[in-house]
Structures are given as structure tokens and as C-alpha cells.
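Okay, hi everyone, let's get going.

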Amino acid sequence: MTMETIVLMDCKVSLGIVTYNSQDKIGNAVSSIKTHTKGVDYKLFVFDNGSTDDTKAIVLKADPDAEFISTGKNLGFGKAHNLAIPLIDSKYHAIVNPDIILDSDVLSQMVEYMEANPDVALAIPKVLFPDKSEQKLPKLKPKLIYLLARRTPFFRAKAQEYTMENIKIDCPLEIDQCTGCFMFIRTDVFKALGGFDERFFMYMEDADLTLRTKKYGKTMYLPHISVIHEWERSSAKSLKYLMIHLSSCFKFLIKHRKKKESKE
């Protein structure tokens, strides 16, 4: 399927998944969406960044109605997700990682919350490991000390402060940084923002999008709704991804420092 042959999709919820050689995970993600989504109409778009595995066949077997769009090369996370902008005419858009699993009708639950809270522009659910333990993904606004603390055991207290680990969150809470593994945003807001800042190839684009979204409404963490995430933390295992992560961190700090200075 090419971009030129796709008709603008009008549905309650659109979903975008960006893949790159994700054959070991994508089938479970797509199947879980199809199996558990009952209360809202949705359309799934899979943007493939030049995979050389069987990702396409697996996606279309799991959901023949999915739109599989091959970019032909690795565009990165944000740029590939932005390909959805001219294709969707939904009320809400979900940004989903290929290693996310739904075990309940999460999309309907997210819609219900957003409908009841029109002042909310972006929300994320609680994210769990496969063993159902919680991933500490709601975060404060990134600062240099926080980003350094995540890379060294000597600043564990600061790392815990950054990930809000010392706060018990048992009701919806406004946060500064929503995780990109599962974001639920009003489509008109996503379009108004122009999607992700494509200067971030990978990492920190979710923090940037959260901060930019705040001028349109609240950005919320919803602990009563949950998804499962088979988190790999690639940058902790690979020098290549570590360098990409560090580059994105510096881009983020420079971008938002300049914005702060321009207001003073």
C-alpha cells in the first residue's frame, strides 16, 4: 500500500505503529488490539521503516484491515509516525509501540476518559511489564541532572525523583512527560502541532511533544487504565542506540532552554 492510494480514514480512533524488523512482537500487538477493542471503531496504520523480515505478512495476517505502509528506509520514530497526519480524520489518535499488548478494551476506556474530560489533550495509561509489575514511565520535565542521573548509580535519588517513584499515583494526575510507547492524543491537536519534531530521530520526541501539547490542554497519566509493554531499553544495551539517545537528550535541552530564554 502506498500513501497515494489510501483514502482519508474517518473513525473514532486511529492508531499508528512504527515498525523496524519487529516480526517477533508486532503480531501480538496487532492481534491484541483487534481482539480486545469492542466499544469503538478504529483504524490501524502500520508504518514500516524498511524492515527486511516478515513484518508485513505478520501484520496483515493478524489484521487484514490494517493499512501497511512501507517507507522504504528507516525514517526514525517521529517522522514515520507523522506520516499518519494527512491520512486520518479521527477524533483521537493512538501512538503505539510494536511491543505493546492490550489485555482489555483500552481504546474504549481512553475514549471514555477523554470524552468526560474535554480539557485533556493527551493521556497515557499505566504501563506494565509482562509480569504485571509497573514500569515507572510518568516523568517530570527533563533536566540535565535527571538525564545524567538515569545513567549513573550515584544519583539514584534524583533518578527516582525524575520518574516520580516516590509518589503513589492512584488517580489521574497531570504530568510533564508522557511516554511514547502508548500516547492517546486528540487528533486535531496532533495535527495542529505538526506531530513529532522530526529533528529527534529517536528518543525524547515524546517529552517534546508532551510539552508542546500543554498549550492545547492537560497531559495526563491514568493509573486506572493499563497496557503491557515488552520494554527492551535498547539504549542501555547498544552503543549505537546510546549515542542516539544522548544526541536526542542534548537536542531537547538546547531546544527548550532556548524557548525559556526567549520568554525572559
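Predicted model: local features only at pLDDT ≥ 70, side-chain atom pairs only at ≥ 80, totals over all residues.

Residues are numbered from 1 along each chain as its sequence is written, and side-chain values use heavy atoms, with hydrogens and water left out.

Let's start with the strands. Which way do β1 and β2 run relative to each other, parallel or antiparallel? They run parallel, and seven bridges join them; for two strands to count as paired, DSSP has to find at least two bridges between them. Right-handed here means that, with the strands pointing away from you, the path from the first strand over the helix to the second runs clockwise.

Next, β2 also pairs with β3, residues 67-70, again in the parallel sense, over four bridges. Here D48 stands opposite S70 in β3. The chain gets from β2 to β3 through helix α2, residues 55-62, and this β-α-β crossover is right-handed too. Now, why is β2 described as largely enclosed by the rest of the structure? Because six of the seven residues in this strand, residues 42-48, are buried.

Okay, loops. D24 sits in the loop between β1 (13-19) and α1 (26-36), and with a relative accessible area of 53% it is exposed. Its side chain makes a polar contact of 3.0 Å with the side chain of K25. A polar contact is a pair of N or O atoms within 3.5 Å; within protein, one must be able to donate a hydrogen and the other to accept it, and residues adjacent in sequence count only if both atoms are side-chain atoms. D24 and D53 are 29 residues apart in sequence, and their C-alpha atoms are 9.6 Å apart in space.

Now compare that with Q135, in the loop between β6 and α5. Buried or exposed? Q135 is buried, at a relative accessible area of 1%. The side chain of Q135 reaches the backbone oxygen of H229 at 2.8 Å. Leaving aside neighbours within four places in sequence, Q135 is in contact (heavy atoms within 4.5 Å) with V127, L128, F129, H229 and W231.

K132 lies in the loop between β6 (120-128) and α5 (144-149). K132 isn't a glycine, yet its phi is positive, near 75°. M164 has a positive phi as well, about 60°, and isn't a glycine either. M164 is in the loop between α6 (156-162) and β7 (173-174), and at 8% relative accessibility it counts as buried.

Last topic: salt bridges. I mean a side-chain nitrogen of Lys or Arg within 4 Å of a carboxyl oxygen of Asp or Glu, and the structure holds 15 of them. One joins the side chains of D103 and K132, at 3.4 Å from N to O. D103 is in the loop between β5 (100-101) and α4 (106-116) and K132 in the loop between β6 and α5, so this pair ties together parts that are 29 residues apart in sequence. Both ends are partly exposed, D103 at 36% and K132 at 47%.

Another salt bridge links K214 and E174, at 3.6 Å from N to O. K214 lies in the loop between α8 (205-213) and β9 (218-229) and E174 in strand β7, so here the parts tied together are 40 residues apart in sequence. K214 is partly exposed at 26%, and so is E174 at 42%.

Finally, D208 and R212 form a salt bridge with the closest N and O atoms 2.9 Å apart. They are four residues apart in helix α8, so about one helical turn separates them. D208 is buried at 0%, and R212 is buried at 14%. Salt bridges that share partners join D197, R199, D208, R212 and K255 into one network.

Key: Helix = DSSP H or I, 4+ residues; strand = E, 2+ residues; numbered from the N terminus. Buried < 20%, exposed > 50% of the residue type's maximum accessible area, 1.4 Å probe, protein only.
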